[in-house]
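Q: Hey, I'm new to this one. Could you walk me through it?

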Amino acid sequence: MTVIGNLKPAGSAALVAVAALALAACSPAAPGVTTPSSATSSQSTGHATATASASPSASPGTSATVGALVAGFPQQLLPLMPGATVVSSSFDKSATPATAALVASITGQPGAVVEFYTKALEAQGFKAVPGESVGAVASKDFVRGDNETVNLAVVEAAGVSTFTIGANVAAESAK
């Protein structure tokens, strides 16, 4: 299964917004070009916050942040793995389904990340879908009920695992 193949348009838009913000934070801007992170950077925190409007299907309620959990992020649904550092996050509770995405990194192997999130999600009633990878990337999908999904993908380089976890859930589940 692929990450984008399982997402509804609102979830895809949120993930595109997170990816764009993460890339903008890592890429230098051309002279005279304003990036989302340089346009909205807070001098007091150093974190960038932007309302995502990356595509016409993006909900006006979508917000994304680089380097921190966005305000209102559903930490009970998608807890930050202890020891992990947030790269970016996004959340849209006004969409149906609600969408949340987290990109983070941690020193260690992908298996430890998959194990942590498998336990966290199964404790909330999600069931793991068969399959452990897509090509060389550790990837795990979870479902709950008829229409709630979560996908986790983890890549490792030089002992650091970077993971993306995205959820499409009922608004009342996004706590």
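This is a predicted model: local features need pLDDT of at least 70, side-chain atom pairs count only at pLDDT 80 or more; totals for chains, interfaces and linings use all residues.

Q: Okay, what is the chain built from, how many helices and strands?
A: There are 4 helices and 9 strands. Going along the sequence, the pattern reads α-α-α-β-β-β-β-α-β-β-β-β-β.

Q: And what share of the residues is buried?
A: Of the 175 residues in the chain, 45% are buried.

Q: Switching topic: what is the mean pLDDT of the chain?
A: The mean is 75, and 65% of the residues reach 70 or more.

Q: Which elements have the lowest and the highest mean pLDDT?
A: Helix 3, residues 36–40, has the lowest at 36, while helix 4, residues 110–122, has the highest at 97. Also, the pLDDT is below 50 over residues 1–57. Beyond near neighbours in sequence, that stretch has 77 contacts in the model.

Q: Let's talk rings. How many aromatic pairs turn up in the whole structure?
A: A search finds 2. One of them is phenylalanine 116 with tyrosine 117, an edge-to-face pair with 4.8 Å centre to centre and 90° between the planes.

Q: Is tyrosine 117 buried or exposed?
A: Buried, because its relative accessibility is 0%. Phenylalanine 116 counts as partly exposed, at 24%.

Q: What's the other pair like, tyrosine 117 and phenylalanine 163?
A: That pair is tilted, with 5.4 Å centre to centre and 50° between the planes. Both of its residues, tyrosine 117 and phenylalanine 163, are buried.

Q: Which parts does that pair tie together?
A: Tyrosine 117 lies in helix 4 and phenylalanine 163 in strand 9, residues 160–169, so the pair ties together parts that are 46 residues apart in sequence. Ring pairs link Phe116, Tyr117 and Phe163 into a cluster.

Q: What about contacts across the chain, what percentage join residues at least 24 apart?
A: Counting contacts between residues at least 6 apart in sequence, 49% join residues at least 24 apart.

Technical notes: Residues are numbered from 1 along each chain as its sequence is written. Side-chain values use heavy atoms; hydrogens and water are left out. Helices (H or I, at least four residues) and strands (E, at least two) are DSSP runs, numbered from the N terminus. Buried means under 20% relative accessible area, exposed over 50%, partly exposed in between (1.4 Å probe, protein chains only). Contact means heavy atoms within 4.5 Å. pLDDT is the predictor's confidence in each residue, from 0 to 100. Rings of Phe, Tyr and Trp (its six-membered ring) pair if their centres lie within 6.5 Å; planes under 30 degrees apart count as stacked, over 60 as edge-to-face and the rest as tilted.
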